Amino acid sequence: MVFHNRLIKWYLQNKRDLPWRKTANPYHIWLSEIMLQQTRVVQGMPYFFAFTKEFPTIFDLADASEEQVLKLWQGLGYYSRARNLHNTAKYIAYELNGVFPQTYKELLTLKGVGEYTAAAIASFSYNEPVPVVDGNVFRVLSRYFDIDSDIMLPASKKEFAQLAYELMPKDDPATFNQAIMEFGALQCVPKNPNCNICVFNESCLALQKKKVNELPVKIKKTKITNRFFNYFVLEDATGNSVIQKRTTKGIWHNLYEFPLLETNEIKDFDYISNAVKKQMFPIYTIIGIEECSEATVIHKLSHQHLHIQFWKIKIKEEIKDGIEFEKIKTFPFPIVIYNFIEKL
């Protein structure tokens with residue numbers, strides 16, 4: 001049986017019931033693809049339902065404020081996706097009258113849309129025969145054909161894309177793309193796949209050569225940076241506090257946080273006490289300083305590990321333009337800070 005026939009037969013028998021598979025609407029497909037970048041389906045699904053309920057059309061998303069979008073995105077991470085999503089929605093709504101570009105090449109011009117997302121929208125919405133190549137596809141093809149090219153290299157990505165294109169039935173690219181991604185997600189999983197029940201176990205070269213757990217080859221290692229954040233939760237005489245927006249480029253851009261002191265390592269109480277009085281809040285009379293948690297919170301991002309300590313600072317004076325704690329919850333925060341607020 002031809003590769004794509006066997007693959008699609010498996011898919012039709014085993015595919016998950018996912019809402020974005022029931023439509024060719026490019027708005028819904030685009031939303032789902034952006035959300036599922038760096039995110040598992042089970043985590044992204046509630047956000048997809050929340051966004052399509054709050055913003056039924058791309059015009060609704062375009063007309064929303066950035067804070068509304070970031071608040072609804074809160075907890076999904078990689079917040080640049082949300083900002084690009086919002087900017088692209090405004091472009092399509094206002095510049096293209098709400099009509100999505102209808103070809104792979106045109107879709108690539110949209111902010112936040114790379115080769116994989118453009119291919120997904122082009123094939124799922126418009127049935128254009130262009131292959132999607134994500135981590136699942138790399139894994140399936142590298143194992144089945146025993147390809148040991150480093151998938152981090154641009155040349156390898158072209159190699160896999162060309163192979164996927166050759167395997168794809170040109171009259172039904174959407175089903176093939178869905179099938180190969182689903183096969184990688186459910187059957188040909190990264191670690192210890194159950195090859196005994198695999199429909200390709202008689203023809204998979206990696207299985208024959210006992211190389212399944214060696215493929216795909218990914219040589220580049222991500223360098224992890226450790227950063228040390230001290231957040232200060234001010235409380236004035238009226239019980240109000242203060243937050244600030246992160247306006248600099250980098251992680252959590254345009255999300256909110258408490259006043260922050262970043263240090264080069266975890267600091268003790270004496271250091272923090274001195275910094276609070278002399279560096280951070282010299283205009284206030286400090287009544288008390290208390291560390292809010294016994295252990296440092298370690299929040300892991302793709303390239304950074306954040307070591308976070310929260311400190312409660314009581315001051316004698318009233319904060320000008322202070323915010324009630326109940327109102328603070330309505331602002332978009334990084335999830336690690338929001339979880340802390342929930343516990344207060």
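Trainee: At what angle do the axes of helix 1 and helix 11 cross, and within what distance do they come?

Mentor: This is a predicted model. In it, the axes of helix 1 (residues 3-14) and helix 11 (residues 173-186) cross at roughly 70 degrees and come within 9 Å.

Trainee: Why are helix 1 and helix 11 called roughly perpendicular?

Mentor: Angles of 65 to 115 degrees count as roughly perpendicular. The crossing is at roughly 70 degrees, therefore helix 1 and helix 11 are roughly perpendicular to each other. The crossing of helix 1 past helix 11 is left-handed.

Trainee: Which residues meet where helix 1 and helix 11 pass?

Mentor: From helix 1 they include F3, L7, W10 and Y11. From helix 11 they include F176, A179, E182 and F183.

Trainee: How do you know whether E182 is buried or exposed?

Mentor: Buried means under 20% relative accessible area. E182 has 1% relative accessibility, so E182 counts as buried. E182 lies in helix 11. Neighbours within four places in sequence aside, E182 is in contact with W10, Y11, K15, R16, R21 and Q187.

Trainee: What makes I328 buried or exposed?

Mentor: The cut-off for buried is under 20%. I328 has a relative accessible area of 0%, so I328 is buried. I328 belongs to helix 14. Neighbours within four places in sequence aside, the contacts of I328 are S241, I243, F258, I323, F333 and I341.

Trainee: How many residues apart along the chain are I328 and N240, and what separates their C-alpha atoms?

Mentor: I328 and N240 are 88 residues apart along the chain, and 9.6 Å separates their C-alpha atoms.

Trainee: Which residues touch the most other members of the largest nonpolar core?

Mentor: W30 and W252 do, in a core of 96 residues. Not counting residues up to four places away in sequence, W30 touches I58, L61, L85, T88, A89, F100, V113 and I121. There is also a second, separate core of 14 residues, with F232, A275, F281 and I289 among them.

Trainee: Where in the protein chain is confidence lowest, and where is it highest?

Mentor: Confidence is lowest in helix 14 (residues 325-328), with a mean pLDDT of 89. Confidence is highest in helix 4 (residues 58-63), at 98. For the protein chain the mean pLDDT is 94, and 99% of the residues reach 70 or more.

Trainee: Why does that value matter to a reader?

Mentor: Where pLDDT is low, the predicted coordinates should not be read in detail.

Conventions:
Residues are numbered from 1 along each chain as its sequence is written. This is a predicted model: local features need pLDDT of at least 70, side-chain atom pairs count only at pLDDT 80 or more; totals for chains, interfaces and linings use all residues. Side-chain values use heavy atoms; hydrogens and water are left out. A nonpolar core is a set of buried Ala, Val, Leu, Ile, Met, Phe, Trp, Tyr and Cys residues joined through side-chain atoms within 4.5 Å. Buried means under 20% relative accessible area, exposed over 50%, partly exposed in between (1.4 Å probe, protein chains only). Contact means heavy atoms within 4.5 Å. pLDDT is the predictor's confidence in each residue, from 0 to 100. Helices (H or I, at least four residues) and strands (E, at least two) are DSSP runs, numbered from the N terminus. Axes are lines fitted to C-alpha atoms, for helices over the stretch in contact, and angles run from 0 to 180 degrees between N-to-C directions. Angles under 35 degrees count as roughly parallel, over 145 as roughly antiparallel, 65 to 115 as roughly perpendicular and the rest as oblique. A crossing is left-handed if the near helix is turned anticlockwise from the far one by less than a right angle, and right-handed if clockwise.
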